[in-house]
Amino acid sequence: MPITLSREEITLQIQRVVDATDAQNIYIRIVLTRGEGEIGLDPALATNNNLIIITKALAANPTWWYEKGVHMVVAQILRNSVNAVDPNIKSGNYLNNVLAISEAKNKGAFDAIMLNAKGQITEATTSNIWIVKDNILFTPPIETGLLGGITRKSLIEIARDHGYVVKEENFNADQLKAADECFLTSTTKMIVPITKIDNEFIANGQPGTTTQKLLKLYKETFGI
């Protein structure tokens, strides 16, 4: 999609919204549309971008997320194929994710973990997924069909800088449930232990020591 606004213009508008927001810690969503035009699917019908900036005060996450861990389910809804709607495109096309998290909530879970058509773990609806097995950190590679989150990228660097072995490799639901530890990462959630998937506990059903150490390192790195 051609962008008619410069980086400087977008940055200026973001700063204006932030300045008008009376909160210390805020969530910012930036949406850039193709613009107005005649109704139709042809991208050429609209070429003058519209910029939408949404902010809200970001409250502290519940402490139990980190102290007890969360319950996830493996969704029946599959992740979009990279050859259809590539999940690594940061778009507003969230129907797939909406259906998956709706499935999770109906089962009383915190969130859903999504598989691709090959049965490989991709990610949660708004978070990346990790496992710890034999002291090695594993997270699915981008080409599996996931959005490479900022926190995912940061944690790979932080972990490797502190001597952890990190591998971007595929794993399936059985390997996920057989992990020594499991956790999710996202910008707003940081690092959250996953202690139960479907009806099975991960290891002893408690947040793992590696997960807790990584959360501490992550907070120290960013002064949180």
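**Exercise 1. The surface patch**

In which helix is Leu95 found? Describe the patch around this residue.

*Solution.* 
Step 1. Leu95 is found in helix α3, which covers residues 95-106. The model is a predicted one.
Step 2. Classify Leu95. Its relative accessibility is 56%. The cut-off for exposed is over 50%, so Leu95 counts as exposed.
Step 3. Collect the partners. Leu95 forms a nonpolar surface patch with Val98 and Leu99. Together the three have about 280 Å² of accessible area.

**Exercise 2. The nonpolar cores**

Find the residues with the most contacts inside the largest nonpolar core, then trace the contacts of Leu176.

*Solution.* 
Step 1. Size the core. The largest nonpolar core holds 40 residues. Met72, Ile129, Leu176 and Ile197 have the most contacts inside it.
Step 2. Ask where its largest share comes from. Strand β10, residues 190-197, supplies that share with five residues.
Step 3. Look for another core. A second, separate core has seven residues, including Val73, Ala75, Ala104 and Met114.
Step 4. Trace Leu176, leaving out residues up to four places away in sequence. The residues touched by Leu176 are Val74, Ile113, Ile121, Ile129, Ile131, Phe171, Cys182, Ile197 and Ile202.

**Exercise 3. Aromatic pairs**

How many aromatic pairs are there? Work out the geometry of Trp65 with Phe110, and of Trp130 with Phe183.

*Solution.* 
Step 1. Count. There are four aromatic pairs.
Step 2. Take Trp65 and Phe110. Their ring centres are 5.1 Å apart, and the planes stand at 80°. Planes over 60 degrees apart count as edge-to-face, so this pair is edge-to-face.
Step 3. Trp65 sits in helix α2 (residues 64-68). Phe110 sits in the loop between α3 and β4 (111-115).
Step 4. Check burial. Trp65 and Phe110 are both buried.
Step 5. Take Trp130 and Phe183. The centres are 5.5 Å apart, with 15° between the planes. That pair is stacked.
Step 6. Trp130 lies in strand β6 (residues 128-133), and Phe183 in strand β9 (residues 181-186). The pair therefore ties together parts that are 53 residues apart in sequence. Trp130 and Phe183 are both buried.
Step 7. Look for a cluster. Trp65, Tyr66 and Phe110 form one.

**Exercise 4. Salt bridges**

How many salt bridges does a search of the whole structure find?

*Solution.* 
Step 1. Count. The search finds six salt bridges.
Step 2. Take Arg79 and Glu123. Arg79 is in the loop between β3 (70-74) and α3, while Glu123 is in strand β5 (residues 121-124). The two are 44 residues apart and link distant parts of the chain. Both are buried.
Step 3. Take Lys107 and Glu103. Lys107 counts as partly exposed because its relative accessibility is 46%. Glu103 has a relative accessible area of 13%, so it is buried.
Step 4. Glu220 is partly exposed at 48% relative accessible area. Lys216 is exposed at 52%.

**Exercise 5. Backbone and loop positions**

Is Met190 buried or exposed? Give its phi, then treat Asp198 and Gly92.

*Solution.* 
Step 1. Met190 is in strand β10. Its relative accessibility is 11%, so Met190 counts as buried. Its phi is near 65°, a positive value in a residue other than glycine.
Step 2. Asp198 is in the loop between β10 and β11 (200-201). Its phi is near 55°, a positive value in a non-glycine residue. At 21% relative accessibility, Asp198 counts as partly exposed.
Step 3. Gly92 is in the loop between β3 and α3. Gly92 counts as exposed, at 72% relative accessibility.
Step 4. Relate Gly92 to Phe110. They are 18 residues apart in sequence and 22 Å apart in space, C-alpha to C-alpha.

Definitions and conventions:
Residues are numbered from 1 along each chain as its sequence is written. This is a predicted model: local features need pLDDT of at least 70, side-chain atom pairs count only at pLDDT 80 or more; totals for chains, interfaces and linings use all residues. Side-chain values use heavy atoms; hydrogens and water are left out. A nonpolar core is a set of buried Ala, Val, Leu, Ile, Met, Phe, Trp, Tyr and Cys residues joined through side-chain atoms within 4.5 Å. Buried means under 20% relative accessible area, exposed over 50%, partly exposed in between (1.4 Å probe, protein chains only). Helices (H or I, at least four residues) and strands (E, at least two) are DSSP runs, numbered from the N terminus. Contact means heavy atoms within 4.5 Å. Patches are made of residues with over 30% relative accessible area and no salt bridge: like charges are joined within 9 Å, nonpolar side chains (Val, Leu, Ile, Met, Phe, Trp, Tyr) within 5 Å. Accessible areas come from the Shrake-Rupley method with a 1.4 Å probe; for residues, only the protein chains shown count as cover. A salt bridge is a side-chain nitrogen of Lys or Arg within 4 Å of a carboxyl oxygen of Asp or Glu. Rings of Phe, Tyr and Trp (its six-membered ring) pair if their centres lie within 6.5 Å; planes under 30 degrees apart count as stacked, over 60 as edge-to-face and the rest as tilted.
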